[in-house]
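Subject: Structure handover

Hello,

Here is the structure you will be taking over. Please open it first, then read my notes below.

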Amino acid sequence: MSESVSLTKDGEIAVITIDNPPVNALSPGVAEGIRAALEAAQNDLSVKAIVLIGAGRTFIAGADIKEFGKITSGEKGGPELNLLLQNIEDCAKPVVCAIHGTGFGGGLEVAMACHYRIAAPDAQVGQPEVKLGLIPGAGGTQRLPRLAGIAKAVEMCALGDPVSASEALKFGIVDTIVDGDLRQGALAFAREAVTKGQPPRTRERSAKLGDERSNAPIFAAGRELAGKKARGMIAPLRAIAAVEAAAKLPFKEGLDRETELFRECLFSEQSKALIHVFLGEREVSKIPGVSKDTPTVEVRKAAVVGAGTMGSGIAMVYANAGVPVLLKEASQEMLDRGLGTIRRNYAASAERRRFTQEFVDQRLELIRPSLTYDDFAEADIVVEAVFENMELKKGVFSELDKVCKPDAILASNTSSLNIDEIASVTGRPHQVIGHHFFAPPNVMRLLEIVRGGATSNEVVASSLALARKLGKTGVVVGNCRGFVGNRMYAPYQREAQFLVEEGATVEQVDDALYSFGMAMGPLAAGDLSGLDVGWRIRKEYQHLEPKGVRRPLVADRLCQLQRFGQKTGAGWYKYDPSDRRRMPDPEVEKIVEECARAAGIDRRSISDHEIVERTIYALITEGARILEEGIALRAVDIDIIYIYGYGFPAHRGGPMWYAGTVGLKEVYDRIRQFRDQHGDFWEPPPLLRQLAERGKTFDDFDKERVLQLRAQKH
Ligand code: NAI
């Protein structure tokens with residue numbers, strides 16, 4: 001039929017098999033292949049029923065995401081599925097769809113057009129399009145409510161979460177679950193269907209569509225939930241509007257409305273940004289010098305040094321992945337404290353039913369507390385997470401060098417210190433690397449992998465493989481103060497604080513950035529992680545700071561007053577001791593005014609727009625420097641770091657992508673104005689100037705870089 005679709009026969013049953021590895025995506029040719037096979041099966045008089053099934057590990061897992069970009073950039077093509085689905089639905093012979101693995105997006109849409117659906121017990125179905133800023137575009141929003149009812153369809157289309165086979169059965173999305181061989185099960189089902197005949201076509205069903213009165217509260221609740229869970233995103237609301245059309249309009253008109261809404265989403269900035277993030281997540285693991293053939297260390301046993309905030313969380317990350325982990329502390333008291341935190345965290349997860357008690361017990365058993373380096377020789381990797389102090393870390397690494405096996409990976413969780421200096425105390429700097437987890441490590445998805453000057457390709461490759469095993473997204477960065485994430489965060493924080501000194505209120509700054517889409521405003525985030533952390537680092541690095549440069553003044557004053565944030569009940573805000581609710585604090589306003597007066601700053605009223613520009617453009621400026629220096633390989637690496645590590649809104653694509661949506665020329669011109677108004681911090685990096693002048697974006701920079709790397713390889 002085509003390379004990816006085959007037609008075979010088993011007696012009077014035709015079997016159409018989709019074989020488009022790895023996930024049977026609906027790439028160009030697949031829909032056409034199915035259509036041709038269907039036509040042949042229909043024309044074959046000996047065929048009485050048809051089975052549609054996927055080869056390999058899954059049924060159709062969705063559209064081919066690269067195709068969306070082609071449509072929006074004006075190229076022809078893309079999934080024109082509606083015609084195929086109508087052909088399937090109109091087929092005079094019963095069509096049985098057999099689902100295993102994941103029947104997502106276009107996969108579920110194909111399945112719903114078939115006359116019957118059967119599923120393997122561990123199959124999942126879903127309409128996850130909203131996660132890419134889209135809605136189902138081939139009848140998903142019209143057929144799903146007809147099968148599963150309005151409420152389930154709203155939930156699935158607006159939130160995009162997958163549904164298990166048993167739930168799909170309960171809601172009528174599939175007709176039965178087949179234990180054992182799915183193909184055999186499908187053949188048996190199809191033979192029965194020959195005698196049973198066809199049920200009403202999905203598009204003709206209406207029993208579950210409800211009426212206006214019963215549906216109104218469902219749509220209202222769906223919109224409210226989407227507003228909370230997908231703040232600032234338009235696709236979930238469009239998905240609900242499309243399901244609403246299914247309830248109100250005849251099928252054909254509903255389908256037209258869906259197409260309209262789908263195209264609106266497809267051409268939206270949000271969808272382009274989310275597709276950039278989706279493809280970027282795959283791109284970041286491509287590192288020059290590292291290939292599939294690079295040997296990697298298999299991590300069977302791990303060890304962590306330090307059971308504080310980070311160390312205890314990192315031990316949980318390993319245990320959650322089933323890796324036994326030694327956890328070493330300096331004293332019994334600290335060890336008990338760390339283990340207490342771990343137990344409390346697990347108990348909370350069990351309570352919220354994220355994990356079963358059995359899972360929790362197994363994981364706790366994998367964590368072995370220790371006060372010595374005995375048994376460290378067994379570890380394939382050690383992660384050091386002691387205080388952020390160079391001398392202390394050097395002491396730990398020289399111990400590790402003595403006790404660990406020669407090919408063990410020695411990783412530091414430092415958030416800013418020089419990896420090469422840490423490595424210098426060992427006799428094996430090629431085995432030393434930064435594994436920068438984010439707080440809380442058992443929740444945050446990012447692992448910033450810091451490559452030192454001597455780190456070997458094998459250790460980099462092993463770290464990337466390990467990140468996957470731990471359920472993290474690993475991004476490889478170069479060694480400099482603060483690496484990528486924290487280096488960019490410093491000017492972002494600086495501007496937030498300058499804006500307060502210049503006249504914005506603390507809440508105004510936080511609210512403006514929260515409205516922009518950040519998970520949290522920068523000042524509230526400072527209160528959460530503890531203002532004393534930065535204060536200590538500032539004191540440690542004081543000798544490196546250039547003289548005569550404006551520096552934020554308020555945070556140091558807050559720390560001198562022991563206002564370290566949430567943990568002391570006060571920081572930028574004050575906190576209600578009973579529920580930690582934050583409240584503006586007139587004390588802080590007074591401190592701000594004093595600092596501004598002492599520094600001779602004329603306070604003025606500041607717009608939310610300026611707040612967003614100053615803080616986000618500070619990220620972009622530093623990001624451009626980082627790219628220029630090669631500390632990040634690609635702009636998309638920076639975007640992924642900011643989305644998964646710092647709560648940057650994914651639907652804006654990350655700071656570097658966002659710069660392109662504003663227009664690099666506009667960003668560049670504004671940054672030059674900031675330089676004239678606020679000083680040399682804002683000197684635009686040459687890379688930004690060049691791209692702006694050439695009318696390019698950071699995405700163009702990435703594309704050029706990929707071509708350069710390819711050329712070097714050949
Ligand atoms: P912490 O103060 O909570 O924990 C440090 C722990 O190390 C303490 O429990 C201390 O008793 C222990 N320790 C000190 N010397 C030791 C030794 N010789 N052997 C065993 N244990 C020893 O500090 P936190 O916040 O967990 O930070 C640890 C590292 O992680 C630092 O390098 C920090 O910069 C980095 N980091 C921190 C993040 C955060 O949000 N707290 C985020 C990312 C990285």
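Is Arg353 buried or exposed? Arg353 is exposed, with a relative accessible area of 75% (buried means under 20%, exposed over 50%, partly exposed in between, with a 1.4 Å probe and protein chains only).

First, the ground rules. This is a predicted model, where local features need pLDDT of at least 70 and side-chain atom pairs count only at pLDDT 80 or more, while totals for chains, interfaces and linings use all residues. Residues are numbered from 1 along each chain as its sequence is written, and side-chain values use heavy atoms, leaving out hydrogens and water.

Backbone

Most residues other than glycine have a negative phi, and most peptide bonds are trans. Some places here depart from that pattern.

Arg353 is not a glycine, yet has a positive phi of about 65 degrees. Arg353 sits in the loop between α14 (332–351) and α15 (357–366). Helices (H or I, at least four residues) and strands (E, at least two) are DSSP runs, numbered from the N terminus.

Phe483 is not a glycine either, and its positive phi is about 55 degrees. Its loop runs between β17 (473–478) and α19 (485–502). Phe483 counts as buried, at 0% relative accessibility.

There are cis peptide bonds too. One joins Pro21 and Pro22, with omega about 5 degrees. Pro22 lies in the loop between β2 (13–18) and α1 (30–43). Another runs from Ala439 to Pro440, with omega near -10 degrees.

Ligand

The ligand is surrounded by 21 residues (each with a heavy atom within 4 Å of it). Among the closest are Met310 and Lys393. By class, the shell has 10 nonpolar, 7 polar and 4 charged residues. Here Ala, Val, Leu, Ile, Met, Phe, Trp, Tyr, Cys and Pro count as nonpolar, Asp, Glu, Lys and Arg as charged, and the others, Gly among them, as polar.

Specific atom pairs stand out. A side-chain N or O atom of Glu388 is 2.5 Å from a ligand oxygen atom. For Ser415, a polar side-chain atom lies 2.6 Å from an oxygen atom of the ligand.

Helix α20

Ala512 is in helix α20 (residues 506–516). At 6% relative accessibility, Ala512 counts as buried. Leaving aside neighbours within four places in sequence, Ala512 is in contact (heavy atoms within 4.5 Å) with Asp608, Ile611 and Val612. Ala512 and Val612 are 100 residues apart in sequence, but 6.7 Å apart in space, C-alpha to C-alpha.

Best wishes

Note on methods. A polar contact is a pair of N or O atoms within 3.5 Å; within protein, one must be able to donate a hydrogen and the other to accept it, and residues adjacent in sequence count only if both atoms are side-chain atoms.
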